[in-house]
Amino acid sequence: MAPFPDEVDVFTAPHWRMKQLVGRYCDKLSKTNFSNNNDFRALLQSLYATFKEFKMHEQIENEYIIGLLQQRSQTIYNVHSDNKLSEMLSLFEKGLKNVKNEYEQLNYAKQLKERLEAFTRDFLPHMKEEEEVFQPMLMEYFTYEELKDIKKKVIAQHCSQKDTAELLRGLSLWNQAEERQKVLKYSVDEKADTEAEVSEHSTGITHLPPEVMLSIFSYLNPQELCRCSQVSTKWSQLAKTGSLWKHLYPVHWARGR
């Protein structure tokens, strides 16, 4: 699948935050002593806050992404119809209100673990589906500038309804994680760069100025751009230039070339 320029990728950054929350509750679940009432209640309160944020995230996606896509494509997408968020919130509320002693806590813990495991199994693929299926559809039905505006509104809504500092810190960590991935790929890129340098002596193409290379790349379709991005670090950076994708879209991308 072709990479999407960050400025029009409406799912990845918010999804990073959601995946971070999944990791947190899985970690807390594994460390909670369900025989201890304080631990038990602290976990449920944390889970309730987490799933309220999931619910808020769902509402933002429905209004600012899926709803707009439905209007533009004139198709109904029930992408959030079966994620069980309300049922999970109800489960946490019942645990906080009705569970009174250690015996009930231990019985409740078994049900809680099963329900959380089932939710997680569905929730992570659900986000992957949005990134791999709905993002390309957005690229087909909306202009580059429209998608930039949609992403800005999505991020703004998350910041307005959640602790802004924490969310922005999360997005910053997401960017740092990407940088770490680049470091891990350093040796692979170096090898690719070396191979490209060998090619330079015979073709001289990588000696061309960036603006000339971008002009050449503008004639390529998404699949060809992806292949070029694997040649070297320099070509990878050029292939991700936003103007290339704006040039490709909507004619080439919408036709699936």
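Biologist: Why is His158 called buried in this predicted model?

Modeller: The relative accessible area of His158 is 3%. Buried means under 20%, so His158, at 3%, is called buried. His158 has its place in helix H5, which covers residues 144-161.

Biologist: What makes the pair His158 and His57 a polar contact?

Modeller: The side chains of His158 and His57 are joined at 3.1 Å. The cut-off for a pair of N or O atoms is 3.5 Å, so a pair at 3.1 Å falls within the limit. A polar atom of the His158 side chain also lies 3.0 Å from the backbone oxygen of Val154.

Biologist: How do you know whether Ser218 is buried or exposed?

Modeller: Ser218 has a relative accessibility of 16%. That value is under 20%, so Ser218 counts as buried. Ser218 lies in the loop between H8 and H9. The C-alpha atoms of Ser218 and Ser243 are separated by 8.6 Å, although the two residues are 25 residues apart along the chain.

Biologist: Is Gln74 buried or exposed, and what makes it so?

Modeller: Gln74 has a relative accessible area of 74%. Exposed means over 50%, and therefore Gln74 is exposed. Gln74 lies in the loop between H2 and helix H3 (85-98).

Biologist: What makes a group of residues the largest nonpolar core, and which members touch the most others?

Modeller: The members are buried residues of kinds such as Val, Leu, Ile and Phe, joined through side-chain atoms within 4.5 Å. The largest such core has 30 residues, and Ile65, Leu138 and Phe217 touch the most other members. At least two residues each come from helix H2 (37-73), helix H4 (102-141), H5, helix H8 (210-217), helix H9 (222-229), helix H10 (233-239) and helix H11 (242-248). H2 gives the most, with six residues.

Biologist: Which residues does Ile65 touch, when residues up to four places away in sequence are not counted?

Modeller: Ile65 touches Val10, Phe11, Ile60, Leu138, Ile150 and Val154.

Biologist: Why is the span of H2 called close to the expected one?

Modeller: H2 has 37 residues and reaches 51 Å from its first C-alpha to its last.

Biologist: What makes Asn36 a cap of H2?

Modeller: A side-chain oxygen of Asn36 lies 2.9 Å from the backbone nitrogen of Asn38, at the N-terminal end of H2. The limit for a polar contact is 3.5 Å, so 2.9 Å falls within it.

Biologist: How does the span of H4 stand against the expected value, and where is its kink?

Modeller: H4 has 40 residues and reaches 55 Å, close to the expected 58 Å. A kink of about 30 degrees lies at Phe134, shortly before the proline Pro136. At the start of H4, a side-chain oxygen of Asn101 comes to within 3.2 Å of the backbone nitrogen of Tyr103.

Biologist: How many helices and strands does the protein chain have?

Modeller: The protein chain has twelve helices and zero strands. Of its 257 residues, 43% count as buried.

Key. Residues are numbered from 1 along each chain as its sequence is written. This is a predicted model: local features need pLDDT of at least 70, side-chain atom pairs count only at pLDDT 80 or more; totals for chains, interfaces and linings use all residues. Side-chain values use heavy atoms; hydrogens and water are left out. Helices (H or I, at least four residues) and strands (E, at least two) are DSSP runs, numbered from the N terminus. Buried means under 20% relative accessible area, exposed over 50%, partly exposed in between (1.4 Å probe, protein chains only). A polar contact is a pair of N or O atoms within 3.5 Å; within protein, one must be able to donate a hydrogen and the other to accept it, and residues adjacent in sequence count only if both atoms are side-chain atoms. Contact means heavy atoms within 4.5 Å. The expected span of a helix is 1.5 Å times one less than its number of residues. The bend at a residue is the angle between axes fitted to the seven residues ending there and the seven starting there.
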